[in-house]
Amino acid sequence: MNEIDIYLEPYSPEIRAVCGDLRALIGETVPGVQEKLVRGWQLIGYRTPSASGSRYFCFIAPYDGRVRLGFEWGVLLADEARLLQDAGTQVRSLYFSDTGDLQRDLLAQTILEAAEVAKLSKEEKTNLALQREAERERPDS
């Protein structure tokens with residue numbers, strides 16, 4: 001058993017299954033993804049390779065009864081289906097209580113977009129933030 005499996009052991013079988021499915025999906029979706037247990041934050045963090053090293057882009061945080069899939073730059077994601085939750089200035093999340101909640105195709109698109117956004121420069125992120133703000137203010141949105 002690896003460190004992450006040991007970390008997840010105290011959780012219910014349902015929560016472990018959701019974490020396992022999300023871990024597999026992230027691994028399948030983002031080439032070269034780096035997975036690391038971050039005990040201090042009680043989560044599994046993910047970094048995507050970039051030209052300048054690697055960039056943190058998402059995490060899985062198990063709780064009793066649900067799992068949080070968080071996106072570091074979630075506020076910059078398109079989220080056309082309006083599924084992302086949380087009201088902070090940067091992170092947005094999805095929450096799952098069982099594997100039946102996972103919409104794999106939509107999740108894969110969101111995960112891939114999150115990895116690509118994380119690779120953007122500060123200036124590119126600023127421009128994307130302005131674009132997303134304008135999109136959200138449109139009456140037809």
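**Close-up views of the predicted model**

**View 1. Strand β4 (residues 66-71) pairs with β5 in the antiparallel sense over 5 bridges.** Two strands are said to pair if DSSP finds at least two bridges between them. Helices (H or I, at least four residues) and strands (E, at least two) are DSSP runs, numbered from the N terminus. Within β5, Ser 93 is the bridge partner of Gly 70, and Phe 96 is the bridge partner of Val 67. This is a predicted model, in which local features need pLDDT of at least 70 and side-chain atom pairs count only at pLDDT 80 or more, while totals for chains, interfaces and linings use all residues. Residues are numbered from 1 along each chain as its sequence is written, and side-chain values use heavy atoms, with hydrogens and water left out.

**View 2. Five strands form an open sheet in the order β1-β2-β3-β4-β5, with antiparallel pairing.** The edge strands, β1 (34-38) and β5 (92-96), each pair on one side only. On average, neighbouring strands of this sheet are turned by 25 degrees against each other, direction ignored. Axes are lines fitted to C-alpha atoms, for helices over the stretch in contact, and angles run from 0 to 180 degrees between N-to-C directions. Of the 5 residues of β5, 4 are buried (under 20% relative accessible area; exposed is over 50%, partly exposed in between; 1.4 Å probe, protein chains only), so β5 is largely enclosed by the rest of the structure.

**View 3. Helix α2 (residues 13-29) lies across β1, β2 (43-50), β3 (53-63), β4 and β5.** The helix runs at about 165 degrees to β3. Helix α3 (residues 104-118) also packs on the sheet and touches β2, β3, β4 and β5, where contact means heavy atoms within 4.5 Å. The direction of α3 makes about 140 degrees with that of β3.

**View 4. Helix α2 has buried residues, among them Ile 15, Val 18, Leu 22 and Ile 26.** Seen down the axis of α2, the buried residues fall within an arc of 165 degrees, so they line one face of the helix; the arc is that of the directions from the helix axis to the C-beta atoms. Pro 13 and Glu 28, on the other side of α2, are exposed. An α-helix has 3.6 residues a turn, so residues three or four places apart point the same way.

**View 5. Glu 35 and Arg 23 meet in a salt bridge through their side chains (2.8 Å, N to O).** The pair links distant parts of the chain, with Glu 35 in strand β1 and Arg 23 in helix α2, 12 residues apart. A salt bridge is a side-chain nitrogen of Lys or Arg within 4 Å of a carboxyl oxygen of Asp or Glu. Arg 23 is buried at 16% relative accessibility, whereas Glu 35 is partly exposed at 35%. A network of salt bridges links Asp 5, Arg 23 and Glu 35.

**View 6. Arg 68 forms a salt bridge with Asp 86, their closest N and O atoms being 3.2 Å apart.** Arg 68 lies in strand β4 and Asp 86 in the loop between β4 and β5, 18 residues apart. Arg 68 counts as buried at 19% relative accessibility, and Asp 86 as partly exposed at 31%. Phe 59, in strand β3, is buried with a relative accessible area of 6%. The contacts of Phe 59, leaving aside neighbours within four places in sequence, include Arg 68, Gly 70 and Val 91.
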